[in-house]
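Thanks for coming, everyone. Please put the structure up on the screen, and I will walk you through it.

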Amino acid sequence: MSDPTPRTRKRPLTPYLLIAPTLIFLAAFFAYPMFQGLILAVYDDEAVLPILDEASLEASRVGELPQGAAVNILGQQGNTIDGELTTDLLTEQWFRLSATDVDGSDAEGWAPESRVRVRDEAADGSPIGGTIRPKLGENADPLTPLFAEPNERAEVVAQLEQRAVVTIVDETLLEVWFNVTAVDDDGTEISGWAPSRFIRAFESGEEGRVDRGSDGKFTSRFIEKMFNDRFFGPAWQTTILLMVIIIPLQFILAMAMALVIHARPRGTSGFLYVYSLPMGMSDLAVGILFFSIFTSNGLLNSVLDFLGLVDGTPIYLSADTRYWIIIAIVLAELWRATSIVMVIIVSGLQAIPDETLEAAELFGASYWQRVRYIILPLLKPSLQVALILRTILAFQVFAVVIALGGGEIVTVLSNETYRQYFELRDNNVASAYAVFILVLSLTSSFFYLRTVRTNDAAAQR
Amino acid sequence: MAEIRIDNVSKVFGDHVAVNRANLVVEDQEFLVLLGPSGCGKTTLLRAIAGLGMADSGRISIDGRDVTYLRPGERNLSMVFQSYAIFPHMTVRDNIGFGLKMAGEDMKEIGKRVDEAAELLHIEELLERRPSDMSGGQRQRVAVARALAMKAEVLLMDEPLSNLDALLRLEMRAELKRLLQDVKATTIYVTHDQIEALSMGDRIAVMKNGVIQQVDAPSTVYAEPSNRFVGSFIGNPPMNFLEGVVAVSGDDVNVNVGANTITPDPSIARAVAAFDGKPITLGIRAENMHALDGPAADAVEVTVSVVEPLGSQNLLTVDVGGDRMKVATHPTFEVAPDDKLWVQMPTEQIRWIDPDTELVLSPAHDVESVR
């Protein structure tokens, strides 16, 4: 008698296989960049400069100075020179060269990078060969010295002709370090060494300040800088103002359009296509289109002039007529983005069974009563989606504002992000703006999800 | 008082005539069933009465008032929809009270009427719940309660039981019948289920291809179908049809069915005689025939091909001449496939059908017009 082998049901693998790429996608294209963005806004990677007890990166820390701290420079020293203080060194890359001396003998020694034209590189990009650069100027010494050590204080071991072929056998960095004393954040006097590239010396050469740090630190500096930015207030107010004007108008319009499409009166079969036409246009194109309407010799003035309604040419889009710019932006945004809301509402309307509306009609509900008591409550989930989408898009409004307002007279949050990044080259504050927009979007979405609570029944039908 | 009068109503969708010149009078407080196969136009006709789809031509009046072009809300009627059409976002209480609220009744009256309707349907404990967590049967009750709460004089029902499972349908059928007897509304009930129609209606209107075929009491529709379609659509099993040829010699009228000869009932003989020498169709119901295990004078010899024991009866499928028919026998009647059997057909139970028009001949049938 054979025992029937107990069969264990195999766990279906497919869902897991489907989840894996989703997770990878999320991590690689969403979570990682978002994390980096967040970090930029709150982390200053040049916040503090460690002060070491010797002129070497391997030396131990005696303390640290914040960016901008005043320092007294007592002296300087190259990291490749032992002991004595030197004053006329430059921080520079040095190559150890193997070449033929001017007297014909083989020689090997150090020369600064500025004297060598690298002509040959190894596979990993490190220089392996080159020629000596010619010196400019009539009185210049045509010969280039090779030093025993990688600094100009060292003994000269050979002289090379200009354009002499050299082999690069080694390289090192001659870095000048400052011996500094300063008072740190805690009020303690510290004294030690720091690489000169992090410190800006004043003209006297005896005083200076920490130009930038080499170590990072979390800081609210950028966020404070954003809040204190003179464009922050206008940008934030305008963004909210546009949102408050546009979204209600948009929902009323979209609802009306959707109801027309849903009711299908005679001769409206093409309305859906006409209504959704603006969805096919980029926001910048719409901005430029409306600019061409509102510009001083644009369509609006032409029409008004033709009708004899104006004398001369009124100017709409100028610093003195800020409200006209706002009106133009509102109209452009209404024209451009209402159809997205409409499409969402239409799909919601189509999900309401005909019999439900017929029942309402049969039980005596007029058209407006059906809209009020049946259609609107059943559209709640669609309206919620549309509201979230529209609010998030409203926080991101950009191209239309740029096209119509130029970004100076009327500015919005995303414009400030752009300005900080491209014009002021301040990644951190740009990032702070981006994070601010993200926080606003998340907060509003959360707010809608909580307050416009969808009941299960409405979601189910 | 609400008599529904339908005069010459037609409804066309594109080139499909859904309802073709329908004429129907539903008397006050009558329970009329509109019966027909799917696509026969019964729902279209009901919707025209409800006002949910306007009639293209003709006239519909309720209680003497022409409502043909009135909006549904203005017709003083209520309806139970096939899908129930319960408002999913409202509680049961708001659902039932919806029509009253739209009519502007005051809150007290609405509350009272909602409670009444809920009590009738035994759904008092569901009043504060939402339809989403209710079973099909419960939703159905809500839909009926919503219609009854209106106390409208006309009640329309569009296949209200078709979305229920078989057992629940049986139970609701009886309950609906009891309820509607008390409600005293003029009711039009659309169904494709002939058992529902036979068991519930005061009268049945049978429809096919947009045309009303017959309007009569259930027993009449069953026993005396007006044409071949009604006979075949109503009854389970449907009416049997046999092809015969009429032979008249002197005063004797006989019909040859295969090798057998059947003599029509004297009351109909004159009408049958008009088909002398021409084919004619006989219609007879399975339970009206008597199966015998031996030859008899007026019995037809048949061969059994299938025996289906159904509990209350045995249903036999037999070959007679070139035709097949179903014969019901007592469950104790013993028979096996391929047995020979003799079947008596009581002549008064045979319906005679003109094969061209498919109409059932009646004793008063005008002989001349057939010719």
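Let me start with a definition. The bend at a residue is the angle between two fitted axes: one through the seven residues ending there, one through the seven starting there. Keep that in mind for a moment. Also keep in mind that this is a predicted model.

Now use the definition. Look at helix α1 of chain A, residues 14-42. Where is α1(A) kinked? The kink is centred on Ala27(A), and the angle there is about 40°. Now the span. The helix has 29 residues. From its first C-alpha to its last, α1(A) reaches 41 Å. That is close to the 42 Å expected at 1.5 Å a residue. Next, is α1(A) well covered or hardly covered? Hardly covered: among its 29 residues, the count of buried residues is 1. One general point while we are on helices. An α-helix has 3.6 residues a turn, so residues three or four places apart point the same way.

Along its principal axes, the C-alpha trace spans about 110 × 110 × 50 Å. Of the 461 residues in chain A, 31% are buried. What about contacts in chain A with a separation of 6 or more? Residues 24 or more positions apart account for 65% of them.

Look in strand β13, residues 199-201. Pro234(A) is 34 residues from Arg200(A) in sequence. In space, C-alpha to C-alpha, the two are 36 Å apart.

On to chain B. Its secondary structure comes to 10 helices and 20 strands. The C-alpha atoms fill a box of roughly 80 × 50 × 35 Å, taken along the principal axes. Buried residues make up 42% of the 371 residues in chain B. For contacts in chain B with a separation of 6 or more, residues 24 or more positions apart account for 65%.

How do the two chains meet? In chain B, 20 residues are in contact with 20 residues of chain A. Two elements of chain B give two or more residues to that side: β6 (77-80) and α2 (92-102). The largest share, 3 residues, comes from α2(B). By type, the side of chain B that touches chain A divides into 13 nonpolar, 6 polar and 1 charged.

Now find Ala50(B), in helix α1 of chain B, residues 42-50. Ala50(B) is buried, because 24 other C-beta atoms lie within 10 Å. What does Ala50(B) touch, beyond residues up to four places away in sequence? In chain B, Pro72(B), Leu77(B), Met79(B) and Leu156(B). In chain A, Leu362(A). Take Leu155(B) as well: 105 residues separate it from Ala50(B) along the chain, yet their C-alpha atoms are separated by 9.4 Å.

Last stop: backbone details in the loops of chain B. Gln29(B) is not a glycine, but its phi is positive, about 65°. It lies in the loop between β2 (16-26) and β3 (31-35). Gln29(B) counts as partly exposed, with 17 C-beta neighbours inside 10 Å. Asp338(B) also has a positive phi, near 75°, and is a residue other than glycine. Look for Asp338(B) in the loop between β18 (323-329) and β19 (340-344). Asp338(B) is exposed, with 8 other C-beta atoms within 10 Å.

And which peptide bond is cis? The one that joins Asn236(B) and Pro237(B), with omega about 0°. Pro237(B) sits in the loop between α8 (228-233) and β11 (240-249) of chain B.

Terms used
Residues are numbered from 1 along each chain as its sequence is written. Chains are lettered from A and ligands numbered from 1 in the order in which they are written. This is a predicted model: local features need pLDDT of at least 70, side-chain atom pairs count only at pLDDT 80 or more; totals for chains, interfaces and linings use all residues. Helices (H or I, at least four residues) and strands (E, at least two) are DSSP runs, numbered from the N terminus. A residue is buried if 20 or more other C-beta atoms lie within 10 Å of its own, exposed if 12 or fewer, and partly exposed in between; C-beta atoms are placed from the backbone. Two residues are in contact if their C-beta atoms, placed from the backbone, lie within 7 Å. Ala, Val, Leu, Ile, Met, Phe, Trp, Tyr, Cys and Pro count as nonpolar, Asp, Glu, Lys and Arg as charged, and the others, Gly among them, as polar. The expected span of a helix is 1.5 Å times one less than its number of residues.
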